[in-house]
Amino acid sequence: MDFTLVENQSLIFDWMKNHRIVAIFMAPPCGTCSLARNIPIPDDPSPPKPLRSLLEPDGLSALSGRDRIRVSQANILHHFCKEVMDLACRLNIACMVENPRSSLFWFTTPWCDLSFPERLTYAYHQACAYGGSRPKWTCLCANFPEVALVSLICDNTHTHLPWGVQKTNGKRVFATALEVHYPPALCDAIVNAFSAFE
């Protein structure tokens, strides 16, 4: 479903209000919010450029064209996440949101304007502690404290794949894009946190 469309958002709200949803996990797009866009890439004629900043977390004022559209679409989804979390708090539905720990998503206007910030618990973990290839830091935020069960960090007893840019079939691929899939052990930990919610 395309959640930038009001009618699809409304359907989710209706399901929530009619007790057809018992738990929610959201992972809003983080590509426009990534601080990795600030890292210089030597010998790259067209490196990714920053689209947001701490001073302008909803999008840099100078954006235009495709970048402006991309940020605008992401902002619609960020607002939708805020509305879902607010409604989940009102209805006591377990709700969890995932984004990188360093993501500017956490500083966007919708997220900073949540109606029940006192109900939220933030937990941080590293993907490699759950079987991932790199020590990627991730933040999970939920309206139930059991999210804190997902908090393993790297014990430095294993090796990590490198960050940076890699070439795959002649195409440039960023290591951050290779870390989007959740390791099975992390999925289990997230499910266990939801299961512990009362």
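**Ring contacts and salt bridges**

Arginine 101 lies over the face of tryptophan 137, 4.1 Å from the ring centre. A charge counts as over a ring if NZ of Lys or CZ of Arg is within 6 Å of the ring centre and within 35 degrees of the ring normal. The model is predicted: local features need pLDDT of at least 70, side-chain atom pairs count only at pLDDT 80 or more, and totals for chains, interfaces and linings use all residues. Residues are numbered from 1 along each chain as its sequence is written, and side-chain values use heavy atoms, leaving out hydrogens and water.

Nine aromatic pairs were found in the whole structure. Rings of Phe, Tyr and Trp (its six-membered ring) pair if their centres lie within 6.5 Å; planes under 30 degrees apart count as stacked, over 60 as edge-to-face and the rest as tilted. Phenylalanine 13 and phenylalanine 80 have ring centres 5.6 Å apart and planes at 55 degrees, so this pair is tilted. Both residues are buried (under 20% relative accessible area; exposed is over 50%, partly exposed in between; 1.4 Å probe, protein chains only). Tryptophan 106 and tryptophan 111 form an edge-to-face pair, 5.6 Å centre to centre with 75 degrees between the planes. Tryptophan 111 is buried, at 4% relative accessible area. Phe105, Trp106, Trp111 and Tyr122 make up one aromatic cluster.

Salt bridges (a side-chain nitrogen of Lys or Arg within 4 Å of a carboxyl oxygen of Asp or Glu) number two. Aspartate 67 meets lysine 49 at 3.2 Å, N to O. Aspartate 67 is buried at 19%, whereas lysine 49 is partly exposed at 47%. Aspartate 86 meets lysine 82 at 2.4 Å, N to O. Both aspartate 86 and lysine 82 are buried.
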